[in-house]
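Here are some notes to read beside the model. Keep the structure open and find each residue as it comes up.

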Amino acid sequence: MPHRCLVAARQQLQRRLQQSARRARCGEEVQPLPPLEAWASPSSGSSAALWRRLRAGGLSVVPVFVSEEEEALLVGELEPQLRRRRYQDAHWDGAIHKYRETEKSHWSKESHGILQRVRDAAFPPGVPHLAQVHVLDLDKAGYIKPHVDSVKFCGCTVAGLSLLSSSVMRLISEQNPQDQLDLLLERRSLYILRGPARYEFTHEILKDDESFFDGRKIPRERRISVICRNLPMPCDSS
């Protein structure tokens, strides 16, 4: 019985997260949600108030956003394109190691439907999207160093599906590096960076030997992230 109650509570929380993400608007505050210690953990002495502030600004993690079948469909569609590329040791800006990447604008009808669900959850109606979806294939030994996505090329929201492997994303305040938050990005989850988490914090994907969440080891395997962004808007200059 306790296990069933936990599953039911988690499903209810997931529904509320999805509804909140759909209601969220760039620059608007989302409705308060229950604490999500299962997916967010303040690190380096940061307080739980940090999680509440970032969540209020639009940061969210939606677990099990896609099914196993949908994950297999997306990966199967991407593999032929990715196999033609070699894993690179370092990105042009030095932020990513042991990776290969591509941009994709043409998808099958089924995959397009999945990506439309991502956009419906992460972006308000009428916001123009970047036509090309960024696909990042990170080797088991790969990692992403702290960075902030350029406001010159993408707008107020970054939304990414995590495929093939769970991982830990760390957010660090650029103004006060002691303010840190770890996010557990479970396999097939969706993360949404908006508000302060998008502009005021760097984000990174931890190496396998550093991949711990709330004291628990999160094994890192090969990870594919499918990332949707919106076009820059005048308000993004802030």
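1. Start with one contact. Lys-217 and Asp-208 join their side chains in a salt bridge, with 3.5 Å from N to O. The term means a side-chain nitrogen of Lys or Arg within 4 Å of a carboxyl oxygen of Asp or Glu. Lys-217 is partly exposed, at 32% relative accessibility. Here buried means under 20% relative accessible area, exposed means over 50%, and partly exposed lies in between (1.4 Å probe, protein chains only).

2. A word on the source. This is a predicted model, where local features need pLDDT of at least 70, side-chain atom pairs count only at pLDDT 80 or more, and totals for chains, interfaces and linings use all residues. Residues are numbered from 1 along each chain as its sequence is written, and side-chain values use heavy atoms, with hydrogens and water left out.

3. Stay with Asp-208. Its side chain also meets that of Lys-140 in a salt bridge, at 3.9 Å from N to O. Asp-208 sits in the loop between strand E9 (201-205) and strand E10 (212-213), while Lys-140 belongs to strand E4 (residues 133-147), so this pair ties together parts 68 residues apart in sequence. Strands (E, at least two residues) and helices (H or I, at least four) are DSSP runs, numbered from the N terminus. Asp-208 is partly exposed, with a relative accessible area of 23%. Lys-140 is partly exposed too, at 36%.

4. Now follow Lys-140. Which residue does Lys-140 meet at 3.7 Å, N to O? The partner is Glu-221, again in a salt bridge. Glu-221 lies in the loop between strand E11 (216-217) and strand E12 (223-229), and Lys-140 lies in strand E4, so the pair links parts 81 residues apart in sequence. Glu-221 has a relative accessible area of 39%, which makes it partly exposed. Elsewhere, salt bridges with shared partners join Glu-68, Glu-71, Arg-187 and Arg-188 into one network. The structure holds 15 salt bridges.

5. Next, charges and rings. Lys-217 lies over the face of Phe-212, 5.2 Å from the ring centre. The charged end of Lys-104 sits over the ring of Trp-107, also at 5.2 Å from its centre. To count, NZ of Lys or CZ of Arg must be within 6 Å of the ring centre and within 35 degrees of the ring normal.

6. Turn to strand E9. Is E9 mostly covered or uncovered? It is mostly covered, with 5 of its 5 residues buried. In a regular strand, side chains alternate between the two faces of the sheet. In E9, Phe-201, His-203 and Ile-205 point one way. Thr-202 and Glu-204 point the other way.

7. Check the neighbours of E9. Two strands pair if DSSP finds at least two bridges between them. E4 and E9 pair in the antiparallel sense over 2 bridges. Ile-144 stands opposite Ile-205 of E9. Strand E6 (residues 167-173) also pairs with E9 in the antiparallel sense, over 5 bridges. There, Ile-172 has Thr-202 in E9 as its bridge partner.

8. Last, the cysteines. A disulfide is a covalent bond between the sulfur atoms of two cysteines. The rule used here asks for a pair of cysteine sulfur atoms within 2.5 Å. The count comes to 0 disulfides. Cys-154 is in none, and the nearest cysteine sulfur, that of Cys-156, is 9.7 Å away. Cys-154 is buried, at 4% relative accessibility. Cys-228 is buried as well, at 3%.
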